[in-house]
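Please have the sequence and the model open as we go.

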Amino acid sequence: MRPFGQLEDPRRRILIQALAAGFFSSAGSAIAQIFGRSPSRLPPGQSVYRVSGGVTVNSQVATLQTRIVPGDTVQTAPNGEIIFAVAEEAYLLRGGSHMVIEKPASGLTTALRLVTGKLLSVFGKGRPTRLVTATSTIGIRGTGVYAETDPEQTYFCTCYGVTDIVANTDPASRDTVAAKHHDRPLYILAKGKEGARIRPAPFINHTDQELMIIEALVGRVPPFVFPMEDYNAPRREYP
């Protein structure tokens, strides 16, 4: 099994180091220096919080003024990254990724396709979501998740919440994960023994701090506790 690579964005390392070192009392200024401004709920009509490197939406160069809605395709060059929100969902799409936000067949279910690449995302409760990758179909219920995918395998972490996971090439390979804090990351394989194409994986390539940032864009914080006394957004609750 080929492991996915590690992150090498120096600005992300600086941010994570600052937050982990306990600078949450001044986290706003620390994040603003790196990302441009402190994370908070995006104003009405704004989709993009941060964009860097090569990023397109529907083949047009993305800017802070770009609107992103269901039906759009978001792609990043190897040096690109975009952090954005659509309704009550927020996303961090890393470099070398191709993501399609499909228009829902009904008003209740959002469908996403991560064709290739790496995606950290958070979803509001009460809006069932389906994430489709090269090797998996994942039902999401009010959750934070991280995925990396290529034609051979998908790495998937249920950061918190509940997900139902099925291997695309083997319906007998399925699992339900109820997680509070990155409890059971998985690999979902394109090939392998029937009923055994979902395997345990390590925790890689995403952080609690990044989850905090994207949840803030939709006015929430993750369910686990951050040492940040002055953050007053509604906190998620999970069983």
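Predicted model: local features only at pLDDT ≥ 70, side-chain atom pairs only at ≥ 80, totals over all residues.

Let me begin with the second largest pocket, which holds about 180 Å³ of space. It is lined by 15 residues, and those closest to its centre are Pro43, Gly45, Gln46, Ala85 and Ala87. Sorted by class, that lining is made up of 10 nonpolar, three polar and two charged residues.

Next, leucine 64, which sits in the loop between strand S3 (60-61) and strand S4 (73-76). As for serine 52, it is 12 residues away from leucine 64 in sequence, and the two C-alpha atoms are 9.9 Å apart in space.

Turning now to the charged side chains, I would remind you that side chains of opposite charge can pair when their charged atoms come close. The structure holds nine salt bridges, and I will take three of them in turn.

In one of these, glutamate 88 meets arginine 41, with 3.9 Å from N to O. Glutamate 88 belongs to the loop between strand S5 (81-86) and strand S6 (89-93), while arginine 41 belongs to the loop between helix H2 (27-35) and strand S1 (48-52), so this pair ties together parts that are 47 residues apart in sequence. Both partners are partly exposed, glutamate 88 at 32% relative accessible area and arginine 41 at 47%.

Glutamate 88 also forms a salt bridge with arginine 220, at 3.8 Å from N to O. Arginine 220 comes from the segment after helix H3 (208-216), and glutamate 88 from the loop between S5 and S6, so here the parts tied together are 132 residues apart in sequence. Arginine 220, with a relative accessible area of 11%, is buried.

A further bridge joins the side chains of arginine 184 and aspartate 175, at 2.6 Å from N to O. Arginine 184 is partly exposed at 35%, and aspartate 175, at 23%, is also counted as partly exposed. Through salt bridges with shared partners, Arg41, Glu88, Glu215 and Arg220 are joined into one network.

Finally, the interior. In soluble globular proteins, nonpolar side chains tend to be buried together. Which members of the largest nonpolar core touch the most other members? Among its 30 residues, they are Ile68, Ile82, Phe84 and Met99. Strand S10 (residues 136-149) supplies the largest share of this core, namely four residues. Phenylalanine 84, leaving aside neighbours within four places in sequence, has contacts that include Val48, Tyr49, Ile68, Val74, Met99 and Ile101. There is also a second, separate core of 23 residues, and its members include Ala85, Tyr187, Ile214 and Leu217.

Conventions. Residues numbered from 1 in each chain as written. Heavy atoms only, no water. 1 Å grid on protein atoms, 1.4 Å probe; cavity = no way out; pocket = protein on both sides within 12 Å on 5 of 7 lines; lining within 4 Å. Points joined across faces, edges and corners; volume = space filled by probe spheres on them. Nonpolar A, V, L, I, M, F, W, Y, C, P; charged D, E, K, R; others polar. Helix = DSSP H or I, 4+ residues; strand = E, 2+ residues; numbered from the N terminus. Salt bridge = Lys/Arg side-chain N within 4 Å of Asp/Glu carboxyl O. Buried < 20%, exposed > 50% of the residue type's maximum accessible area, 1.4 Å probe, protein only. Core = buried A, V, L, I, M, F, W, Y, C linked by side-chain atoms within 4.5 Å. Contact = heavy atoms within 4.5 Å.
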